[in-house]
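Open the model in your viewer and keep the sequence panel beside it. The stops below say what to select and what is there.

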Amino acid sequence: MALSGESADEVFGGYRWFHDPESVAAETFPWLASPATAAHAGAERLFHDDLLRLLDLPAYRAERYRQALEEVPRLPGESGHERRMREISYLHLTRFVQILLDRKDRMSMAVGLEVRVPFCDHRLVEYVFNAPWAIKTFDGREKSLLRAASTDLLPDSILQRVKSPYPATQDPSYDEALRERARELLELRDSPAGRLVDWAKARATVDEPASPGSRAALERFVQLHHWLERYRVEPAL
């Protein structure tokens, strides 16, 4: 069995966009507006223009965002920044962390590993959710409340350590292998992704200089191909 810290960022306000005024003020899910994740926004750019118009993803996101805000439990007299941060916290607890928990469960169960997530204890989540944002960030940093509660349990080097995001693969050989696989798939005229992806856009992305945006787009393309092929999905377009 192993312990994992999933949901600590969602409960205690650890992500960068919790503390970025533009992301907080954006009329959408804050992680979609954050400069920290904007580089990956191009993952959809390989789809056919006709498909993008049919899906109308901006309208879909806006509707899901509106529905989520309607669910947020309100406190009497709460307004301004405190009210907004309650919304931000709720969005993370109901829309964001589920993705991480699903991933954690699939990866651990695939190798027979039991992973527990103590920060998901409903008693902790409910209690901290109702703590004012001013208390959660009383020292002007992320996860202020959690660090303060752990003062007598952890060494200073851990307590004061600056939060860092998940590491990304930096080895250039990964990017080269990804582009080579994308090129191979582009040679397959009967690729199951052929009706969804614009081949001209895909080829242009393969040939452009490496960047977080191009990597995200090519990863999405390769994943889409293999998912459709493995499960024999036939897009009804």
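A contact here means heavy atoms within 4.5 Å. In the protein chain, residues 24 or more positions apart account for 69% of the contacts with a separation of 6 or more. This is a predicted model, in which local features need pLDDT of at least 70 and side-chain atom pairs count only at pLDDT 80 or more, while totals for chains, interfaces and linings use all residues. Residues are numbered from 1 along each chain as its sequence is written, and side-chain values use heavy atoms, with hydrogens and water left out.

**Whole chain.** Show the C-alpha trace. Along its principal axes it spans about 60 × 40 × 35 Å. Color by secondary structure: the chain has 14 helices and 2 strands. These are DSSP runs numbered from the N terminus, helices being H or I of at least four residues and strands E of at least two. Of the 237 residues, 38% count as buried. Buried means under 20% relative accessible area, exposed over 50%, and partly exposed in between, with a 1.4 Å probe and protein chains only.

**Largest core.** Select Phe18 and Leu91. Of the 25 residues in the largest nonpolar core, these two touch the most other members. Such a core is a set of buried Ala, Val, Leu, Ile, Met, Phe, Trp, Tyr and Cys residues joined through side-chain atoms within 4.5 Å. Helices H1 (8–12), H6 (57–71), H7 (80–110) and H8 (122–129) each give two or more residues to this core. H7 supplies the largest share, 7 residues. Now zoom in on Phe18. Leaving out residues up to four places away in sequence, its contacts are Asp9, Glu10, Gly13, Val24, Met85, Ile88, Ser89, His92 and Trp133.

Select Phe47, in the loop between helix H4 (35–38) and helix H5 (49–55). Is Phe47 buried or exposed? Phe47 counts as buried because its relative accessibility is 14%. Beyond four places in sequence, Phe47 touches Leu52, Leu196, Val197, Asp198, Lys201 and Leu224.

**Helix pair.** Finish with H12 (residues 172–186) and H14 (residues 212–230). They pack at an angle of about 50°, with axes 10 Å apart. Axes are lines fitted to C-alpha atoms, for helices over the stretch in contact, and angles run from 0 to 180 degrees between N-to-C directions. Among the residues that meet are Tyr174, Leu178 and Leu185 in H12 and Leu218, Phe221 and Val222 in H14.
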